[in-house]
Amino acid sequence: MKDFNVIGYCFYGFFYVFLFDCCNFVVMDFSSKLLENAVNEVSRLPGIGKRTALRLVLHLLKQPKEHTKFLTEALTQLRGEVKSCKKCHNISDTELCDICSNMNRNAEVVCVVEDIRDVMAIESTAQYRGLYHVLGGKISPIEGVGPQNLHIESLIEKVKQGEIKELIFALSSTMEGDTTNFYIYKQIEAYKITTSTIARGISVGDELEYADEVTLGRSILNRIPFIQSIRG
Ligand SMILES: [Zn+2]
């Protein structure tokens, strides 16, 4: 019983530290305003609480000054120079990303994904030779994200222009993902292009980027007609 109490107290202690850290409730008495500013900025990042931010900043202080310089330069350059591919909206260094400008890819097959993490996950399977269309999110009324906040209009325009023969829906199988798929499907239904969705080797509710390469690769090869997925 004593052991249980010790384990219980440890668990609750850990839980409260985690909770307070994540929620930035931690009150810290800084000896340096410069340190406090740096910690405050780092703790704005998702999943980084004040304690973690302090640990990261103290780590940087222990490293050679060049390390911090390279980090800040890389971030500044990223924010200043990074582009969105004008064709697929993927993050790119150039107007047209490497995938869209690759003449060996099949431009008539387009895979609809949420963001660059999904592009990277599918590319790592080496099973797909078409192009992508990056929506930049999913329709989510709860989070205030509507179709107008996503790159849906440009996708529908590509379909209208006859540029696409097959559209593969590869959004994660969540309520928001399914809603987004269905919304796009209804917009392009009249254009009689082939629509498919990745086979459900991907578990319902799973985010695409966490699927292993083999499962994701097979899911693309064994894609099924979209209409079958919404009836099933
Ligand atoms: Zn592109």
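Which residue stands opposite His-133 in β4?

Reply: Happy to. This is a predicted model, so to speak of local features pLDDT of at least 70 is needed, side-chain atom pairs count only at pLDDT 80 or more, and totals for chains, interfaces and linings use all residues. Residues are numbered from 1 along each chain as its sequence is written.

The residue opposite His-133 in β4 is Val-112. Strand β3 covers residues 106-113 and pairs with β4 in the parallel sense over 5 bridges. Here a strand is a DSSP run of E with at least two residues, a helix a run of H or I with at least four, both numbered from the N terminus; two strands pair if DSSP finds at least two bridges between them. The open sheet has 5 strands in the order β4-β3-β5-β6-β7, with mixed pairing. β4 (130-134) and β7 (224-225) are at the edges with a single partner strand each, so one side of each has no neighbour in the sheet.

Val-112 also belongs to the largest nonpolar core, of 30 residues, where Cys-111, Val-112, Val-113, Tyr-132 and Ala-170 touch the most other members. Such a core is a set of buried Ala, Val, Leu, Ile, Met, Phe, Trp, Tyr and Cys residues joined through C-beta atoms within 7 Å. Buried means 20 or more other C-beta atoms within 10 Å of a residue's own, with C-beta atoms placed from the backbone. β3 gives the most to this core, 4 residues.

Technical notes
Buried ≥ 20, exposed ≤ 12 C-beta atoms within 10 Å, placed from the backbone.
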